[in-house]
Structure formats: C-alpha cells, structure tokens
Amino acid sequence: MLSVGAALSVEDLVRIAASQFVGSHSNHDDVMSSGAFHDVTLSEEESESVELTQLLLEAAENVADRQFDTAGALLQRCHGRSSPAGNPVQRLVFYYSRALTDRIDRETGRTASSRDVAREQSSDLYKAVMTPSIQLAEFHRRIPFSQVAQFAGIQAIVEHLEGSRCIHVVDLAIKNGQQWTILMQALASRPSRRRVQRLKITAVSTVGEQRIEQMGNKLVGFAEGLGLPCVFESVVVPDLAQLSRAHVRIEPGQSVAVMAEYVFNTLAEPLDRLDSLIRAVRSLKPCVVVVGEVEGNMNSPVFVNRFVESLFYASAFFDCMEDCMGRDEPTRKYGEATLFGESSKIVSAIDGRERIVRSMKVDVWRTYFRRMGMVEEEMSPSSLYQANLVARKVPCWKPCTVKMNGKGLMVGWKGTKINSVTAWSFT
C-alpha cells in the first residue's frame, strides 16, 4: 500500500493500472488486485504510464482469450508509445508488449512454434545468464540484490565451516565467481591458529567452459595474493540433472559447502530432474547448502496469471535500475534487454515443459526440500547484519530491504520481495 506523500514507484504505477483495470473487468481479479490506491493524484507522465500499462494488460487478456486481432491492435498502440530508451514504464511495456506479439505469432503460425524451437529459446536465455561475461558482472555489481544475497550466503558458509582447515566449495552456477572473493577475504582474515590450509572451488557448469577456466585462474591468483592456498576445478556436464558424486573430486578431510544460486528453478520440470540433482548434492555430504532463488510465483499454468506476476516483479527491478543507473548507460540497456527482454518472452510466450526457468516462492521450495530430507538452518544475526551492511553501502540502494523470513532471509525493493536466501543441511 502506498504511503501518504511517498513518491510513486514503477511498481506502484503498474499496480494502479492493474487496480483500475480490474474495476472494469471481472476476469483475473485474484491476480491483478493490487491494494488500495484511492485518491492518488498522478502527474501527467504518471497518468500516461498508467494508461499505457492498462493497454498492455488489456492486450494480455485478449491474448489469453485468443482474440488475437483485438490484441494485435492494442499492441500496435503499445509499440507506438513504448521504447527501450524511454521512462521505466515505457521500457517495461516495450519488452512485455513484444513478448505478447511473439506469443500471438506462435499461436497463429506466423513463426515456428515447435517444442524444440521454444526450448532452444529458453535455453539461450539460460546460457546468457549463466555464462561469465563482463557486461553481466557489471550489471550485478550495480544493483543491490545480487551482492546482498551473496554476502549473506557467504557468511552462512563461513559460519558452518568455522573450524575447518580444508574447505571445498561446490558452486552449481558460478557465473562470474565474484562471490568467492568475499569468502577468500573472510578466510584470509582468520588468526594464524585457525588458518585455512587449503581452499578448493569446484565450478559445475553446462556452458562457457573456457570462460570459467579463465575466471578460475583469476580467482586462484586473487587467493594467492591473500596468502590463501587455493585450487580451482571445473566440471562440465551436459545437464545439471546428470551430475553425480563421481564428477566432483572430494579429498579426505575436506569440509564441503554447496552454493546453488538461481539454479534449482531451471530443473523444476519434470521434477525428477531436480530430484536427481538433489541426490547428487546429498552424496557430496555437504555441511551446508546455500540456496538463492527468485521470490516470484511465475510458474502458473494459466498464462495471464503468469504474465501479470512477471510484470509486477519486473516493475520493481525497473524501478531499481531507474534509481541506480542512468537511462543512457550501456550496462542498464544490456541488463534490461538480456534479463527482461528475453525472460518476458519465455514467461509470456512459452508454455509447458519447454519453459526452462520456473520461478517459485520460498515456501514452495521449503516444502520440496523437506520432502527431499533436507533441514533448514537458521541464517544467523551475522548474516542479516552483513546483508544489511551491503544494502547500505551505496546511497541509491537505500530502498533495498533485508528481513528474516522464517529461518531464511528475504531481499526486497520498496516492499516487493525479490530474492530469498536459505541454508540447508541433510538429515
């Protein structure tokens, strides 16, 4: 709910549009009901943003009802009023209106709609996000969510391996590997009597083998600069569901920690693939498994529900990027086009098993992990403190919030939940 006198965020504008849309449409009110926004005075630009978002929502409803001609006409109006270089709502509508157009083209046979093509597009997004790149590293450096979650997760690993002298971390989605420099600095600061004798990092990946090796060399060099003995190994498998104990070389006396950051949601369909990965993780006998996931319910089988949930989530991200990056910055343009330009197509245009990424809320993950014999460990006050410390590091990050959620942490932006961080062990 909007506070009196508070500036309207991008998400506020989207939810106002959804609330007004519900007022004139009976369908989907369970998804679009957006709280109280009565008597809110809008500026001219804000009114235009609300109207533009309503056009998008109406187009989505028509797509859901297979009224493609009507939807197409509405989308043409969206295309004419949106832009990747406009204000945040215009940019948001730019990507999501094109995602709806892509769905219409599939449904009407204008473009290929085979399962193979759909799965390939979903796979391309996964590769773009998971493969180490300078652009993606810079994007994540400029927004708070990634760094806040990583600091909290690394702190959990440090605490669970407090007395260990030989540490082996297994990263299931290492990406640019920056998070491990945080661990290295923490380990290097230990007093001499508890000095780590050896740190080993195993990066498990399905993409970007050469870049991961290059990144591993940099990490080893960073560790050596701190006087910390370090070994890096990469394990490349065709599919994370095929990972087994034989792939990871664990030596006697090593204490193992596993980092799974935004990876389990790529294996949720069919579920036996994720079951297989969890069994492989269990076989490593880790002291702790740190899980970072998107806090969004974007896995509904009902298209319009999935679309609206994704739109709400993305609006909070666009609001953050508006606060933290200039509109002309290449980093912002890259992040929006890569993360949301493509993901909006995946969420909006692709149904069924072809959609690789399936974001779900933390309580769904908790139910699943418990069924797999996992026990949630409480994130310590130190983890909460470290996360909040990072969130306050940059002035524009002030709206980023970190709160306890059960035993885990929830990272948010202006009240919207963005990411969860939880720690787990096996019974």
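User: What share of the 427 residues is buried?
Analyst: Buried residues account for 57% of the 427, where buried is under 20% relative accessible area, exposed over 50% and partly exposed in between, with a 1.4 Å probe and protein chains only. This is a predicted model, in which local features need pLDDT of at least 70, side-chain atom pairs count only at pLDDT 80 or more, and totals for chains, interfaces and linings use all residues. Residues are numbered from 1 along each chain as its sequence is written, and side-chain values use heavy atoms, leaving out hydrogens and water.

User: How many helices and strands?
Analyst: The protein has 15 helices and 9 strands. They are DSSP runs numbered from the N terminus: H or I of at least four residues for helices, E of at least two for strands.

User: And the largest nonpolar core, how many residues?
Analyst: It has 98 residues, and I157, W180, L199 and I201 have the most contacts inside it. A nonpolar core here is a set of buried Ala, Val, Leu, Ile, Met, Phe, Trp, Tyr and Cys residues joined through side-chain atoms within 4.5 Å.

User: Which helix gives the most to this core?
Analyst: Helix 12, residues 303–324, with 14 residues. Another core, of 33 residues, lies apart from the largest one; A173, V237, V258 and V291 are among its members.

User: What is I201 in contact with?
Analyst: Neighbours within four places in sequence aside, I201 is in contact with V169, I174, W180, M184, L219, C230, V231, F232 and E233. Contact means heavy atoms within 4.5 Å.

User: Switching to helix 4 and helix 5. At what angle do they pack?
Analyst: About 150°, with the axes 9 Å apart, for helix 4 (residues 68–81) and helix 5 (residues 88–107). Axes are lines fitted to C-alpha atoms, for helices over the stretch in contact, and angles run from 0 to 180 degrees between N-to-C directions. Helix 4 is therefore roughly antiparallel to helix 5, a label for angles over 145 degrees, with under 35 roughly parallel, 65 to 115 roughly perpendicular and the rest oblique.

User: Last one, S420. Buried or exposed?
Analyst: Buried, at a relative accessible area of 4%. S420 sits in strand 9, residues 416–426.

User: Which residues is S420 in contact with?
Analyst: Beyond its neighbours within four places in sequence, S420 is in contact with V291, G292, E293, E295, V362, L409 and M410. L409 is 11 residues from S420 in sequence and 5.8 Å from it in space, C-alpha to C-alpha.
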